Amino acid sequence: MFIPLKNLIGDNKRSMIFIYGGKVFVWDTKGKIWESSLIGAKELIGVCDLDGDGMKEVIISADNRIYILSGLNGKVLWSHVFPHRSSISRFATKIGPLGFA
């Protein structure tokens with residue numbers, strides 16, 4: 001699955017984000033912008049500016065863990081292990097609607 005995005009890295013250009021082999025990738029028309037470390041990524045929960053700094057973050061689930069990655073470079077900004085996988089969907093609901101732009 002890939003999601004088309006606009007202005008993920010602050011350059012006002014279109015890019016796409018997808019998960020493959022446990023990693024998150026962001027590409028634009030010229031090629032790969034960034035690739036995350038091997039985090040066991042399984043599902044893209046959303047992309048939005050969570051901290052109000054004007055840059056988007058990427059929210060990813062990986063089994064019973066959730067990751068927040070920098071939209072600029074893919075580095076892990078935060079992660080949390082949930083006791084059960086079903087807890088992740090409750091977390092995603094609590095942080096509100098996540099926009100794909």
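Reply: K42 forms a salt bridge with D63, with 4.0 Å between the closest N and O atoms. A salt bridge here is a side-chain nitrogen of Lys or Arg within 4 Å of a carboxyl oxygen of Asp or Glu. The model is predicted: local features need pLDDT of at least 70, side-chain atom pairs count only at pLDDT 80 or more, and totals for chains, interfaces and linings use all residues. Residues are numbered from 1 along each chain as its sequence is written, and side-chain values use heavy atoms, leaving out hydrogens and water.

Me: Which parts does the pair of K42 and D63 tie together?

Reply: K42 lies in the loop between β4 and β5 (43–48) and D63 in the loop between β6 (57–62) and β7 (65–70), so the pair ties together parts 21 residues apart in sequence. Strands are DSSP runs (E, at least two residues), numbered from the N terminus.

Me: Is K42 buried or exposed?

Reply: K42 is exposed, at 53% relative accessible area, whereas D63 is partly exposed at 43%. Buried means under 20%, exposed over 50%, and partly exposed in between (1.4 Å probe, protein chains only).

Me: How many salt bridges does the structure hold?

Reply: It holds three. One of them joins the side chains of K23 and E35, at 2.6 Å from N to O. K23 is in strand β3 (residues 23–28) and E35 in strand β4 (residues 31–35), so this pair ties together parts twelve residues apart in sequence.

Me: What is K32 paired with?

Reply: K32 meets E35 in a salt bridge of 2.7 Å, N to O.

Technical notes. Helices (H or I, at least four residues) and strands (E, at least two) are DSSP runs, numbered from the N terminus.
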